[in-house]
Amino acid sequence: MSDRQCTVLLYSDDPQVRDRMRLAVGTRPAPGLQIEFVDASTYAESIRLVDDYEIDLLLLDGEASPGGGIGIARQIKDDRDDAPPTCVVIARAADRWLAAYAEVDATLVHPLDPVTTGSTVAELLRTHAPA
């Protein structure tokens, strides 16, 4: 059995945050999954990448500035019928209500725990696998 190749878009205005997200997920978060990462540092770049490429999952920094991951998640969910699953990393657990309003599929809290992050990403990719 070969691994399923998945593309995960990492969005944050801070390259160190993107690096921490990449390390927390890893290239093999679960058996049978191989991850390739695509980085975006701006709101507009994130939207363009989702429009131009086959993105399997969005991992978005909810604390990014000036455009946060929650706003990107909401726009993509509103604009696309085939929106990929989204996971937003937030600084405060109390912000989960805002993420729910944006219709994100999962939230994680800074600082990222590699076990929780990897299992959350793997579950989203399995649950939203293409037919």
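Asp52 has a relative accessibility of 48% and therefore counts as partly exposed; buried means under 20% relative accessible area, exposed over 50%, and partly exposed in between (1.4 Å probe, protein chains only). Asp52 forms a salt bridge with Arg48, with the closest N and O atoms 3.8 Å apart. A salt bridge here is a side-chain nitrogen of Lys or Arg within 4 Å of a carboxyl oxygen of Asp or Glu. Because the two residues are four apart in helix H2, about one helical turn separates Asp52 and Arg48. Arg48 is partly exposed as well, with a relative accessible area of 41%.

The model is predicted: local features need pLDDT of at least 70, side-chain atom pairs count only at pLDDT 80 or more, and totals for chains, interfaces and linings use all residues. Residues are numbered from 1 along each chain as its sequence is written, and side-chain values use heavy atoms, with hydrogens and water left out. Helices (H or I, at least four residues) and strands (E, at least two) are DSSP runs, numbered from the N terminus.

**Salt bridges**

Side chains of opposite charge can pair when their charged atoms come close. By the rule above, the count comes to eleven salt bridges.

| Pair | N to O distance |
|---|---|
| Asp52 and Arg48 | 3.8 Å |
| Glu63 and Arg92 | 3.9 Å |
| Arg80 and Asp51 | 3.1 Å |

Asp51 is partly exposed, at 48% relative accessibility. Glu63, in the loop between S3 and H3, and Arg92, in the loop between S4 and H4, also link distant parts of the chain and are 29 residues apart. Glu63 is partly exposed with a relative accessible area of 33%, and Arg92 is partly exposed with 46%.

**A buried charge without a partner**

Asp56 lies in the loop between helix H2 (43-52) and strand S3 (57-61). Asp56 is buried yet has no salt bridge; the nearest side chain of opposite charge, Arg4, is 4.3 Å away. Lys and Arg count as positive and Asp and Glu as negative, while His and the chain ends are not counted. A polar atom of the Asp56 side chain lies 2.7 Å from the backbone nitrogen of Thr7.

**Helix H3**

Which residues of helix H3 (residues 69-79) are buried? They are Gly69, Ile70, Ile72, Ala73, Ile76 and Lys77. These residues cover an arc of only 160 degrees around the axis, which puts them on the same side of H3; the arc is that of the directions from the helix axis to the C-beta atoms. They pack against strand S1 (4-11), H2, S3, strand S4 (86-90) and helix H4 (96-101). Arg74, also in helix H3, is partly exposed at 23% relative accessibility. Leaving aside residues up to four places away in sequence, Arg74 touches Tyr101, Ala102 and Glu103, where contact means heavy atoms within 4.5 Å.

**Annotated positions**

UniProt, in an unreviewed entry, places the feature "modified residue: 4-aspartylphosphate" at Asp61. Such annotations may be inferred rather than shown by experiment. Asp61 is found in strand S3 and counts as buried, at 3% relative accessibility.

How values were computed. A polar contact is a pair of N or O atoms within 3.5 Å; within protein, one must be able to donate a hydrogen and the other to accept it, and residues adjacent in sequence count only if both atoms are side-chain atoms.
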